[in-house]
Amino acid sequence: EAMMDATHEFHLRAAHAMVRRAIRQQGLIIKTCQFLGSRADILMEEYVETLSLLHDQVPPRPWAQMRPVIEQELGGRVDDLFAEFNTEAVAAASLAQVYRARLHDGTDVAVKVQYPGIEEIVDRGCRHAERLVRGIGGLPGAEIAAVPVINQGLVRFVSRDGEHDRFTDRVIRLIQEDGVAWFGGATWRGMRVMRVSVSNWRTSNEDIERTIDSVRRVLAAEVG
């Protein structure tokens, strides 16, 4: 029983650490955690319950940041557009937060406001994922298995002996050991692949180049 309690506490702390990091980094990593929080079929209860907090309990942005966004999008002052507007957000998540308001005709409405700058963060993550997948997939000994969709794509590694699945898993392990970037393996359409995604808004062009160079080094040592 003591071991079960210790295991529970370990995974609970890990899940809360994921939530804290997601809140700091914002954007797509919160979306990723939201998705994981819905997968009770594959994740432990500690992760499902904790990551599910990110569906609507992300700390809201201050009203001073959000009011200009509303007024720019709707083309007028909040005081003129609405009869009443509750400036306390009722929900906040990865890309936007929601307010209660009332129109001048008495209709109660929910006003969903996208965070300022979030569009550029998402677009940049998608561009980085595109460069990363195509850069790695274009290396000798690699090929693109699935072109990027939003911020994620798939590549696999091709062995001379035809054991592509075994070789793909080996290359993934060596990339992880190189320490520049971390990618996980997956099975897609019956073949082993490396999942390539970008969810950190701090990722730079230089990070992308360093990552491609890391994979290039690993493949050069393995393929020759």
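Which residues of the largest nonpolar core touch the most other members? I started there. The model is predicted, and I kept that in mind throughout.

**Entry 1: the cores**

I looked up the largest nonpolar core and found 27 residues in it. Leu54, Trp63, Phe85 and Val113 touch the most other members.

**Entry 2: phenylalanine 85**

I set aside the neighbours within four places in sequence and asked what phenylalanine 85 is in contact with. The list is Trp63, Ile70, Val78, Tyr99, Arg100, Ala101 and Val111. Two of these names came back when I turned to the rings: Trp63, Phe82, Phe85 and Tyr99 form one aromatic cluster.

**Entry 3: the aromatic pairs**

I counted four aromatic pairs. Tryptophan 63 and tyrosine 99 form one that is edge-to-face, with 5.3 Å centre to centre and 70 degrees between the planes. This pair links distant parts of the chain, since tryptophan 63 is in helix 4 and tyrosine 99 is in strand 3, 36 residues apart.

Is tyrosine 99 buried or exposed? Its relative accessibility is 0%, so tyrosine 99 counts as buried. I next took its pair with phenylalanine 85. The ring centres are 5.5 Å apart and the planes are at 45 degrees, so the pair is tilted. Phenylalanine 85 belongs to strand 1 (residues 84-85) and tyrosine 99 to strand 3, 14 residues apart. Both phenylalanine 85 and tyrosine 99 are buried.

I also looked for a charge over a ring. Arginine 61 lies over the face of tyrosine 115, at 4.3 Å from the ring centre.

I moved on to an open sheet of four strands, in the order 5-6-8-7 with antiparallel pairing. Its edge strands are strand 5 (142-149) and strand 7 (184-188), and each pairs on one side only. The twist averages 35 degrees from one strand to the next.

How many bridges join strand 7 to strand 8? I found five, and the two strands run antiparallel. Glycine 185 has methionine 194, in strand 8, as its bridge partner.

**Entry 4: helices across the strands**

Helix 6 lies across strand 5, strand 6 (152-157) and strand 8. It runs at about 165 degrees to strand 5. Helix 7 (residues 164-178) lies across strand 6, strand 7 and strand 8. Its angle to strand 8 is about 30 degrees.

How values were computed
Residues numbered from 1 in each chain as written. Predicted model: local features only at pLDDT ≥ 70, side-chain atom pairs only at ≥ 80, totals over all residues. Heavy atoms only, no water. Core = buried A, V, L, I, M, F, W, Y, C linked by side-chain atoms within 4.5 Å. Buried < 20%, exposed > 50% of the residue type's maximum accessible area, 1.4 Å probe, protein only. Contact = heavy atoms within 4.5 Å. Phe/Tyr/Trp six-rings, centres within 6.5 Å; stacked < 30°, edge-to-face > 60°. Lys NZ or Arg CZ within 6 Å of the ring centre and 35° of its normal. Pairing = 2+ DSSP bridges. Axes fitted to C-alpha atoms, helices over the stretch in contact; angles between N-to-C directions.
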